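I opened this entry to log what I looked up, step by step.

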Amino acid sequence: MVVGEVAVETDIIIMGGGPGGYAAAIRLGQLGKSVVLVERDRLGGVCLNRGCIPSKALIHAANQYQRLNDLGKMGIRLSQERTTMDLGIWQDWKEGITSQLNQGIAHLCKENGVTVVKGQATFLSDDRIGVETDGDFETYKFEQAIIATGSRPYIPSFIKVDGEYILDSTASLLLQEVPSSLSIIGGGYIGIELGMAFAKLGTKVTIIEMASRILPQVAENLVKEVTRNAKKLGMNIKTSSKVEKASVVDGHVHLQISSKKQGSEVVVSEKTLVTIGRIPNTEEIGLNRAGVTVGEKGYIAVDMECRTNVPHIFAIGDITPGPALAHRASKQGIVAAEVIGGLPSAIDSPYVPYVIFSEPQIAGVGLSREEAEQQGYSVKTGKFPFSANGRALAMDETEGFAEVIVDAESHILLGMHMVCADASNLIGEGVLALELAARVEDIALSVHPHPTLAEGWMEAAEAVLGHAIHIVNK
């Protein structure tokens, strides 16, 4: 590799090897382009290494742990010895999962001719980047570039994450022992997912949320099921509450919080987790030298082809306005790659699903009833409770419901949402239905396998039409 002013030439540079960056790199390799993918840490980004996959590994382990307490009613008797959770062993298991996936991405990059460089990339101009590697500095000249540098947790100025007592989401997934008590600042999806997992493992969890309810970004009728379960798990939820100060005293975190209802109080816990939100990694990568403009909150505006204001530089993922979701980043990466490869491609669908791995899970796509009405639709809805579903009863997972939102005139589906066990897998049917502009009759008339939770969609669609079989139609 040449060091100094002589640049290595490549068709495309990609800054960041997360779910958007590596997807773009592989697609560009498939299209015959020479690609250099620069990643400062591990391939897979936050999602694979510090976010989605590790947190779901913890949630799955916590679910299995909790289930042990419910097996007696099914006739399964365990020994009297107390079940324990060893987070140290779990860490090894989790590392095995992320390493396997990480190696898989590296293999796919290699097989598609992608050159992976480990280092910190910075724009030097609109056609060159510099990469700091271990004690070295390399320059690359590119025809086109994709920025995919991701995001990081937002930490307010009055709190300092020390990784021991005060944690961000990354540090919370590195714990070697289950904490006895945990206060979580922020009742969004990360706070609720991790809070419920630790509560199942025996941690006394307190959620502190500024909004009037947890998961404020989700329709209220879906959240009620989760709130009820949080209380069953013994979680203390303080809404409309603001953290004013945080300090560590004698090995415990003291949070001074205020609310109209309770006034000022102090919450004491062994550890505190901060999950307020995320901010884009758009500083310190030399965007000004490339001429790429950044909005007020640090996000890079892009068009439907993921182009920035500099036509040969693209941006994807968490650094662009919109929800910070791995599947959105991956789709953007593929679109940017195909546009660069000369194919017609664009982000032109509003149907990006969301999933929250709470208890029970929440998943949805398209409009909620409130959003549809605000947009002027005359709306019909159909709802089917899983307490009337045979598979749900056999699984002992009867909480929640499936709901479809329909344009009353055309019967075209506007939204499909559910709160139930395995909603994360079941929402795929909703995504396909909305992408195909299906009518509610298309769901109702499709033969769904029995006994499955997916029958909930069919029954909810039949309820819109007034002829659901397993509930009383109103």
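**Overall form**

I started with the radius of gyration. For 474 residues a compact globule would have a value near 23 Å, and the protein chain has 24 Å, which agrees. I note that this is a predicted model.

Next I took the box along the principal axes: the C-alpha atoms fill roughly 70 × 65 × 45 Å. I then checked secondary structure and found 14 helices and 22 strands in the protein chain.

**Burial, contacts and surface**

I looked up burial: 50% of the 474 residues count as buried. I turned to contacts with a separation of 6 or more, and 62% of them join residues 24 or more positions apart.

The protein chain carries 42 positive and 56 negative side chains. The centres of these two sets lie 5 Å apart.

**Aromatic pairs**

How many aromatic pairs does the structure hold? I found two.

I took Phe123 and Phe142 to begin with. Their ring centres are 6.1 Å apart and their planes stand at 70°, over the 60 degrees needed, so the pair is edge-to-face. This pair links distant parts of the chain: Phe123 sits in strand E4 (residues 120–123) and Phe142 in strand E6 (residues 136–147), 19 residues apart. Phe123 counts as buried at 0% relative accessibility. Phe142 is buried too, at 2%.

Then I checked Phe384 and Phe386. Their ring centres are 6.5 Å apart with planes at 80°, so this pair is edge-to-face. Phe384 is buried at 1% relative accessibility, and Phe386 is buried at 0%.

Technical notes:
Residues numbered from 1 in each chain as written. Heavy atoms only, no water. Helix = DSSP H or I, 4+ residues; strand = E, 2+ residues; numbered from the N terminus. Rg over C-alpha atoms; globule rule 2.2 N^0.38 Å. Buried < 20%, exposed > 50% of the residue type's maximum accessible area, 1.4 Å probe, protein only. Contact = heavy atoms within 4.5 Å. Lys, Arg positive; Asp, Glu negative; His and termini not counted. Charge placed at Lys NZ, Arg CZ, Asp CG, Glu CD. Phe/Tyr/Trp six-rings, centres within 6.5 Å; stacked < 30°, edge-to-face > 60°.
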